[in-house]
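Work through the exercises below with the structure in view. Each task is followed by a solution in steps.

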Amino acid sequence: MGRLVSLWLFIRRHKYLITVGVFGFIIVFLDENSIIRRMKYAHEEQVLRSEIERYRQEYERSTERLGELAVDSGAIEQVARERYLMKKPNEDIYVFDDKVGD
């Protein structure tokens with residue numbers, strides 16, 4: 001019984017400190033909009049923004065390349081030869097692998 005009384009006296013003396021501590025614990029760990037979740041969301045947002053920027057740069061490169069292909073017929077032939085290994089009927093194609101010896 002003595003322990004219960006001493007616990008009650010401790011709670012009465014430090015009720016505001018205990019209340020602030022419990023409130024802080026709830027805000028940091030248990031709340032739906034907790035600080036930990038907000039930090040996780042901020043990190044995820046940063047990753048997604050960098051991914052958007054990467055796709056935007058890729059789009060710009062592709063648009064530039066498409067413009068080149070629309071203007072120059074030699075560029076279309078170059079893409080067909082390099083990427084799809086197409087050839088003229090009287091040609092031979094040799095493909096060299098850059099990773100020899102790895």
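## Exercise 1: Surface and overall form

The accessible surface of the protein is about 10100 Å², and 60% of that belongs to carbon and sulfur atoms. Such areas come from the Shrake-Rupley method with a 1.4 Å probe; for residues, only the protein chains shown count as cover. This is a predicted model, in which local features need pLDDT of at least 70 and side-chain atom pairs count only at pLDDT 80 or more, while totals for chains, interfaces and linings use all residues. Residues are numbered from 1 along each chain as its sequence is written, and side-chain values use heavy atoms, with hydrogens and water left out.

Task: Compare the radius of gyration of the protein with that of a compact globule of 102 residues.

Solution. 
- The radius is taken over C-alpha atoms, and the globule rule is 2.2 Å times the number of residues to the power 0.38.
- A compact globule of 102 residues would come out near 13 Å, but the protein has 33 Å.
- The C-alpha trace spans about 105 × 40 × 15 Å along its principal axes.
- Buried residues (under 20% relative accessible area; exposed is over 50%, partly exposed in between; 1.4 Å probe, protein chains only) make up 4% of the 102 residues.

## Exercise 2: Helices and annotated spans

Solution. 
- Helices (H or I, at least four residues) and strands (E, at least two) are DSSP runs, numbered from the N terminus.
- Residues 14–30 are 94% helix and 0% strand, with end C-alpha atoms 23 Å apart.
- In the model, residues 45–72 are 96% helix and 0% strand, and the end C-alpha atoms lie 40 Å apart.

## Exercise 3: The aromatic pair

Task: Find which residues form the aromatic pair, and classify the pair.

Solution. 
- Rings of Phe, Tyr and Trp (its six-membered ring) pair if their centres lie within 6.5 Å; planes under 30 degrees apart count as stacked, over 60 as edge-to-face and the rest as tilted.
- A search of the whole structure finds one pair.
- Phenylalanine 25 and phenylalanine 29 form this tilted pair, 5.2 Å centre to centre with 45° between the planes.
- Because they are four residues apart in helix α2 (residues 15–30), phenylalanine 25 and phenylalanine 29 are separated by about one helical turn.
- Phenylalanine 25 counts as partly exposed because its relative accessibility is 46%.

## Exercise 4: Two distances

Task: Locate arginine 56 and tyrosine 94.

Solution. 
- Arginine 56 sits in helix α3 (residues 35–71) and is partly exposed, at 43% relative accessibility.
- Between arginine 56 and leucine 17 there are 51 Å, C-alpha to C-alpha, at 39 residues apart in sequence.
- Tyrosine 94 is in the segment after α4 (73–84) and is exposed, at 64% relative accessibility.
- Tyrosine 94 and valine 5 are 89 residues apart in sequence and 92 Å apart in space, C-alpha to C-alpha.
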